[in-house]
Number of protein chains: 2
Amino acid sequence: MTDETIDDIMDATYCALCKHGYAELTMQDIAAESTKSKGTLHYHFEGKGDLLESFLEYLLDDFEERTETVPGETSVERLHEFLDELLTPSDAESADEFRTAILEIKAQSPYNAAYRERLTEFDRALRDRIATIVADGLESGEFRDDVDPDETADFLVTVFHGAQTRATAVDRSPERTRRYVHEYIDDVLRADGASGGDGVSTNRDHTEAGE
Amino acid sequence: MTDETIDDIMDATYCALCKHGYAELTMQDIAAESTKSKGTLHYHFEGKGDLLESFLEYLLDDFEERTETVPGETSVERLHEFLDELLTPSDAESADEFRTAILEIKAQSPYNAAYRERLTEFDRALRDRIATIVADGLESGEFRDDVDPDETADFLVTVFHGAQTRATAVDRSPERTRRYVHEYIDDVLRADGASGGDGVSTNRDHTEAGE
């Protein structure tokens, strides 16, 4: 497959997942969003499961590429920025639908070793990115010296999963979690944070954001 | 329906969900776990969706009853105890399977108003229980006076959802989250917590627990 064909099919898969969800998705639905025929899809992929496995792999590659460098002057800024992007992705329009489809795939994980493997890689990539930023911030003295990068990253990934699940299951905006996470970074992790005395409140502009 | 019949059908639903998962579940599967016939099930419930809706309601009632009084001398102890039970339920044997089935139902929430309503009630009940314990602890001076009970409860519910999702999606034990949550209570929420100087480490025995 050319890169162009791959991009076309993966974009179509994204659109079809948003429109139909995971359970109802058919190869025909994906073909309908693509410039390729259903025959072409079947030529490249054994079926929906196989195609979705490649889609998850594609998402991971895309994620790793996009987050190779996180903008920000300091590690604290980079950590805020990274979690911001995770919790409120810039393409918000289809975010709800896509989040639902991904949750369906997560729920399939115990029944599907290939999905589980891809999701585990993604989880690890997420943790690694966060742990690296935290470790950098420790080295530069921005974070409290008793902060453990791996443990902190693991906790933040759990919070991320929780925000995603709650947004789908009970329609609670991840925006609210975003505020907590910013507070957590500033008040619990930062060396000059609220442990100095002024509690878990924060004066960052992020906390002003609505729900 | 007598209470006995309800209990019987709900227990059967629990077992069938653990065994077959949500997507594959049939009324026949539930009948097979029950002393009742498939005909009896259909007499009481329109179908799988209707029965599962009642099952979610039953779970909520059971949860509310079980957590009406949380053991513990102090609010801090009660909060630890409550989150312990949430994150590592005493009936651990079928916990994985049941967690998977519930995640499947959460992923169905955007497509099913009745499920969404039940899940939202459950989410609210969870938050209310935690917020009440935190508010009690504030009143008794156990928690830092800038802790907001509702915000804290909301955050902890998100962490709970995250632990459940990650356990299913990438096979990560909720036990690890349990440790963080205990540290969070002791170091961030407690009036005499680590903000006094010794960082986010903790000497609670909970932290000794393996993954």
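Biologist: Which residues of chain A does UniProt list as a "DNA-binding region"?

Modeller: The unreviewed UniProt entry places that feature at residues 26-45 of chain A. The label comes from the record. The model itself is predicted. In it, the span is 70% helix and 0% strand. Its end C-alpha atoms lie 13 Å apart.

Biologist: What makes the relation of chain B to chain A a two-fold axis?

Modeller: Two copies of a chain are related by a rotation about an axis and a shift along it. Here the turn is 180 degrees and the shift along the axis is 0.0 Å. Chain B then lies on chain A with an RMSD of 0.0 Å. That is the relation of a two-fold axis.

Biologist: Which residue of chain B comes closest to the rotation axis?

Modeller: Gly162(B), with its C-alpha at 1.7 Å.

Biologist: How do you know that the copies meet through the same surface?

Modeller: Compare the two sets of interface residues. Of those in chain B, 100% are also interface residues in chain A, so the surface is the same. The contact counts are 47 residues of chain B and 47 residues of chain A.

Biologist: How much area do chain B and chain A bury between them?

Modeller: About 3700 Å², with 59% of it on carbon and sulfur atoms. In chain B, Phe155(B), Arg166(B) and Tyr180(B) lose the most area to chain A. Together they make up 16% of what that side buries.

Biologist: Why is the pair Glu151(A) and Arg176(B) called a salt bridge?

Modeller: The rule asks for a side-chain nitrogen of Lys or Arg within 4 Å of a carboxyl oxygen of Asp or Glu. The closest N and O atoms of Glu151(A) and Arg176(B) are 3.2 Å apart, so the pair passes.

Biologist: Which elements give two or more residues to the side of chain B that touches chain A?

Modeller: Helix 6 (95-108), helix 7 (113-139), helix 8 (149-170) and helix 9 (174-189) of chain B. Helix 8 gives the largest share, 15 residues. By class, that side has 17 nonpolar, 15 polar and 15 charged residues.

Biologist: What makes Asp123(A) and Arg127(A) a salt bridge?

Modeller: Their N to O distance is 3.5 Å. The cut-off is 4 Å, so this pair counts too. Both residues lie in helix 7 of chain A, 4 residues apart, about one turn of the helix. Over all chains, the structure holds 36 salt bridges.

Notes: Residues are numbered from 1 along each chain as its sequence is written. Chains are lettered from A and ligands numbered from 1 in the order in which they are written. This is a predicted model: local features need pLDDT of at least 70, side-chain atom pairs count only at pLDDT 80 or more; totals for chains, interfaces and linings use all residues. Side-chain values use heavy atoms; hydrogens and water are left out. Contact means heavy atoms within 4.5 Å. Buried area is the accessible area (1.4 Å probe) that two parts lose on being put together, summed over both. Ala, Val, Leu, Ile, Met, Phe, Trp, Tyr, Cys and Pro count as nonpolar, Asp, Glu, Lys and Arg as charged, and the others, Gly among them, as polar. UniProt positions are given in the numbering used here, feature names are shortened, and annotations may be inferred rather than shown by experiment. Copies are superposed by least squares on the C-alpha atoms of residues with pLDDT of at least 70 in both.
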